[in-house]
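Biologist: Could you walk me through this model and tell me what stands behind each label?
Modeller: Gladly, let's look together.

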Amino acid sequence: MNKSFALLTALLFVGGCQTLAPSSPDGTVPVEETAATPAAETPKVYASFNEETVYSLLAAELAGQRNRFDIALGNYVQQANATQDPAVSERAFRIAEYLGAEQAAMDTALIWARNAPDSLEAQRAAAVQLARGGRYDESMHYMEKVLQAQGDTHFDFLALSAAETDPDTRNGLLQSFERLLVKYPENGQLLFGKALLLHQDGRPQEALELLEAHAASEEEVPPLLLRARLLQGLQRGDEAIPLLEKGIKQFPDDKRLRLAYARQLVELERLDEAKSEFAGLLQQFPDDDDLRFSLALVCLEDEAWDEAAIYLEELVERDSHTDAAHFNLARIYEQRGDLESALIEYNLVGPGDDYLAAQSRQNEILLDSQRAEEAASRLAKSRDSQPDYAIQLYLIESEALANRDQLEQSWQLIQQALQQFPGDTNLLYTRAMLAEKRGDLPGLEKDLRSIIEREPDNASALNALGYTLADRTTRYAEAKALIEKAHQLDPEDPATLDSLGWVNFRMGNLQEAERYLRQALEKYPDHEVAAHLGEVLWAQGKQREARKVWASALEAQPDSTILRSTLLRLTGSEKF
């Protein structure tokens, strides 16, 4: 082939790289995507190709310039396989990465790495693609090549990519890290990768000890951040503060360290310092609305309402975090006593994470303001405009009415909801609870058994039916069987533990009853659980201890009717 024509083709390829290569909005590339960075602007050295290859590659470039990346990728992958040329395979890899074509990216990265053994970028690209495909042992082979050449690896990405794998794969990868650490004991990237794997494997103390034992872990930002996270997870967050402060002095321009420091201050409730840190970050990065929102939340936590409102209004103006901003502005107006403005802001919250909470607060404000018709009308309109939320909105309205002892209105609403959504489990469960309050035990049992028939493992329905039978009937054996099945399904649930205690009490098994009720109260210090435990203690002649349990619960919830009725029934007085 004519050499000058080959040179012309190569120059066309370089120009094409600039057309096809992707770039991130801020011009930077995330750590884990370094292997997929746009092609460098230095000209690639291409081999001399036959006529068929040349025309195929020229067609690929023209297709890319016309946004027919599928044709460009197909031609380049075909020619990478045919020619085994490093430059062609790299170009194919870049296009595949840009298009998110995972298999093509892996295949071409491996061709590139095999044919460019001295290219650290090629070895790194192959390692990352193999890790993404779950081929961790092969990935480590390429990573070690990069390490031997003293290049930056992606051991952190390799470890992170293993987070969702099975324990055997993680353990295998951990052994590979340990093998490499024997050769390179002070390599910060290897230390970080191994610590990540230990953390993912539920061994945070070992991960922390590994990082603390090696000075290399203090020379880079990711290990510092991991150490801070590990300390926080081990309930030693106060020790993370000096570590992060030292890191900030060493890397004063690193946003991640400063953000971690600010968040740790929030965790430790050092809110004034946290506000100062977030404000400094926002001043440095004025277009970062995540920072602006974080600062607003810290101000809310610190009850600095006016300051929080400024940042939230800025977010609304910038059309960023809009629903959350409206929701929190509404909270501020509530604190100020401006309920009309709060209603306006809650009404502006659209579908998303804050939608149901906004609808609930809006409904509560209207009901407390004796505007029941308006409350019902707004929720009805919301159900019409947001049908995906209709069932939850029915439940919000029904619960609010029931909490205000408007049982008949709540009952009628749930009946209406079940006509629209017949057989819905949540609606049936709610109707069952309302039936219990109305004294309609057959209605309760019918709805709960309907749920259990369709969902035999519904622990909530099993427990609710079992508890009601134990509390309101003498069908104790049946009740216990239902509750024990719920307990098997969710052994840590305090409501089920309370039910187990209560059914054992009703059956005369006082020691068992006390054991379960103590567990329930420890997990969930609730006034009803305390009433039950006190009654079991009283029945065993432990009156002084029973009074102590009741007194503690009454101090936390002085308006508890169940506690006072238990006291009156057993002691003859609601007072101690």
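Biologist: What makes up the lining of the largest pocket, by class?
Modeller: The lining has 11 nonpolar, 5 polar and 8 charged residues. Here Ala, Val, Leu, Ile, Met, Phe, Trp, Tyr, Cys and Pro count as nonpolar, Asp, Glu, Lys and Arg as charged, and the others, Gly among them, as polar. This is a predicted model, in which local features need pLDDT of at least 70 and side-chain atom pairs count only at pLDDT 80 or more, while totals for chains, interfaces and linings use all residues. Residues are numbered from 1 along each chain as its sequence is written, and side-chain values use heavy atoms, with hydrogens and water left out.

Biologist: Which residues of the lining lie nearest the centre of the largest pocket?
Modeller: Met433, Glu436, Lys437, Tyr467 and Glu528, out of 24 lining residues. A pocket is an open set of points on a 1 Å grid over the protein atoms alone, where a 1.4 Å probe fits, with protein on both sides within 12 Å along at least five of seven lines; lining residues have an atom within 4 Å of a point. About 870 Å³ of space lies in this pocket, a volume filled by probe spheres set on grid points joined across faces, edges and corners.

Biologist: Which helix gives the largest share of that lining?
Modeller: That is α26, with 6 residues. Helices are DSSP runs of H or I, at least four residues, and strands are runs of E, at least two, numbered from the N terminus. α22 (390-403), α24 (425-437), α26 (459-472), α28 (494-506) and α30 (527-539) each supply at least two lining residues.

Biologist: Why does glycine 443 count as buried?
Modeller: Buried means under 20% relative accessible area (1.4 Å probe, protein chains only); glycine 443 has 17% relative accessibility, so it counts as buried. Glycine 443 is found in helix α25 (residues 441-454), and its C-alpha atom is 9.5 Å from that of methionine 433, 10 residues apart along the chain.

Biologist: How do you know that the span of helix α5 agrees with what it should be?
Modeller: The expected span is 1.5 Å times one less than the number of residues. The 14 residues of α5 (residues 102-115) should therefore span 20 Å, and the end C-alpha atoms are 20 Å apart, which agrees.

Biologist: What covers the buried residues of α5?
Modeller: The cover includes α3 (69-83), α4 (86-99), α6 (120-132) and α7 (136-148). Among the buried residues of α5 are Met106, Leu110 and Trp112.

Biologist: How many helices and strands does the chain have?
Modeller: The protein chain comes to 32 helices and 0 strands, and buried residues make up 47% of its 576 residues.

Key
Buried < 20%, exposed > 50% of the residue type's maximum accessible area, 1.4 Å probe, protein only. Contact = heavy atoms within 4.5 Å.
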